[in-house]
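Have a look at the picture, then read on.

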Amino acid sequence: MGVRETAEIPQQRGEQLLDHAVRYAEERHWDVFPGTWLEAVDGKEHCSCGDTSCETPGAHAAGPDWSSRATGSATAVRRMWDEHPRASILLPTGRAFDVLDLPESAGFLALARLERMELPLGPVACTPDRRMLFFVLPGASAKAPDLIRGLGWAPSSLDLVARGEGHYVIAPPTRVGGRGAAQWARKPTSANRWLPDADELISPLAYACGREAVAARTRTA
């Protein structure tokens with residue numbers, strides 16, 4: 001699995017971003033759209049949005065019309081990144097997939113358990129803010145709360161969020177300011193083209209988040 005702190009952070013070259021964006025569209029049939037990017041101003045990197053206190057510099061939607069700009073056309077993708085080669089790669093959820101979003105520490109615990117159980121897994125990404133994103137079939141955001149309740153947890157008690165229609169996530173190798181780049185813990189491959197349903201993953205993910213919540217309360221007690 002590798003230790004997070006020692007993982008290699010890819011450089012964010014324009015051609016690399018374009019190549020990745022095209023592959024997501026062509027090979028995975030995912031919709032993608034370009035977000036903001038990082039610009040050097042007075043020797044420092046700032047978000048192209050112009051907000052010097054931007055919370056996710058170089059890694060958020062550039063405007064409210066992002067949903068209509070998302071496309072699965074490789075030709076359109078090339079055109080958009082030709083216009084802004086350093087733009088971040090953003091993936092709308094609720095279309096080809098939903099995402100189960102949880103803390104990285106709980107995510108790695110759950111991932112190890114899922115692999116031991118030999119359960120089907122889709123791609124899994126890590127973000128620089130130490131979140132882990134499990135890609136699942138669309139519809140997860142609608143049923144995740146009831147699935148969590150069925151396991152005996154109150155959804156609000158777990159740091160486990162299902163992202164569906166109306167949301168998006170950053171895609172590797174998008175970089176978030178000086179915090180690092182999004183990376184794949186499990187890369188998209190032909191072996192994981194068919195995504196699991198949230199029902200198949202929710203129990204190990206909720207269990208890991210529950211352990212994380214208990215550990216956090218113990219640390220602050």
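The points below go through the cores, the sheet and the salt bridges.

1. One thing to keep in mind first: this is a predicted model.

2. Start with the largest nonpolar core, which has 25 residues. The members touching the most others in it are Y24, W81, I89, L91 and F135. At least two residues each come from helix 1 (14-28), helix 3 (74-83), strand 4 (89-92) and strand 7 (131-136). Helix 1 is the top contributor, with six residues. As background, nonpolar side chains in soluble globular proteins tend to be buried together.

3. Five strands make an open, antiparallel sheet, in the order 8-5-7-6-10. Strand 8 (161-163) and strand 10 (183-186) are at the edges with a single partner strand each, so one side of each has no neighbour in the sheet. On average, and ignoring direction, neighbouring strands are turned by 30 degrees against each other.

4. Inside that sheet, strand 5 (residues 98-103) and strand 7 run antiparallel and are joined by six bridges. If you want a spot to check, find D101, which stands opposite L133 in strand 7. Helix 5 (residues 140-150) lies across strand 5, strand 7 and strand 8, and runs at about 160 degrees to strand 8.

5. Now the charged pairs: there are eleven salt bridges. In one of them, the side chains of R175 and E45 meet at 3.0 Å, N to O. R175 is in the loop between strand 9 (168-170) and strand 10, while E45 is in strand 3 (residues 44-47), so this pair ties together parts 130 residues apart in sequence.

6. D159 and R131 form another salt bridge, with their closest N and O atoms 2.7 Å apart. D159 sits in the loop between helix 5 and strand 8, and R131 in strand 7, 28 residues apart. Is R131 buried or exposed? R131 is buried, at a relative accessible area of 16%, whereas D159 is partly exposed at 38%.

7. Last pair: K143 and D199 form a salt bridge, with the closest N and O atoms 2.7 Å apart. K143 belongs to helix 5 and D199 to helix 6 (residues 198-220), so parts 56 residues apart in sequence are tied together. Finally, salt bridges with shared partners join D101, R131, D159 and R163 into one network.

Definitions and conventions
Residues are numbered from 1 along each chain as its sequence is written. This is a predicted model: local features need pLDDT of at least 70, side-chain atom pairs count only at pLDDT 80 or more; totals for chains, interfaces and linings use all residues. Side-chain values use heavy atoms; hydrogens and water are left out. A nonpolar core is a set of buried Ala, Val, Leu, Ile, Met, Phe, Trp, Tyr and Cys residues joined through side-chain atoms within 4.5 Å. Buried means under 20% relative accessible area, exposed over 50%, partly exposed in between (1.4 Å probe, protein chains only). Helices (H or I, at least four residues) and strands (E, at least two) are DSSP runs, numbered from the N terminus. Two strands pair if DSSP finds at least two bridges between them. Axes are lines fitted to C-alpha atoms, for helices over the stretch in contact, and angles run from 0 to 180 degrees between N-to-C directions. Contact means heavy atoms within 4.5 Å. A salt bridge is a side-chain nitrogen of Lys or Arg within 4 Å of a carboxyl oxygen of Asp or Glu.
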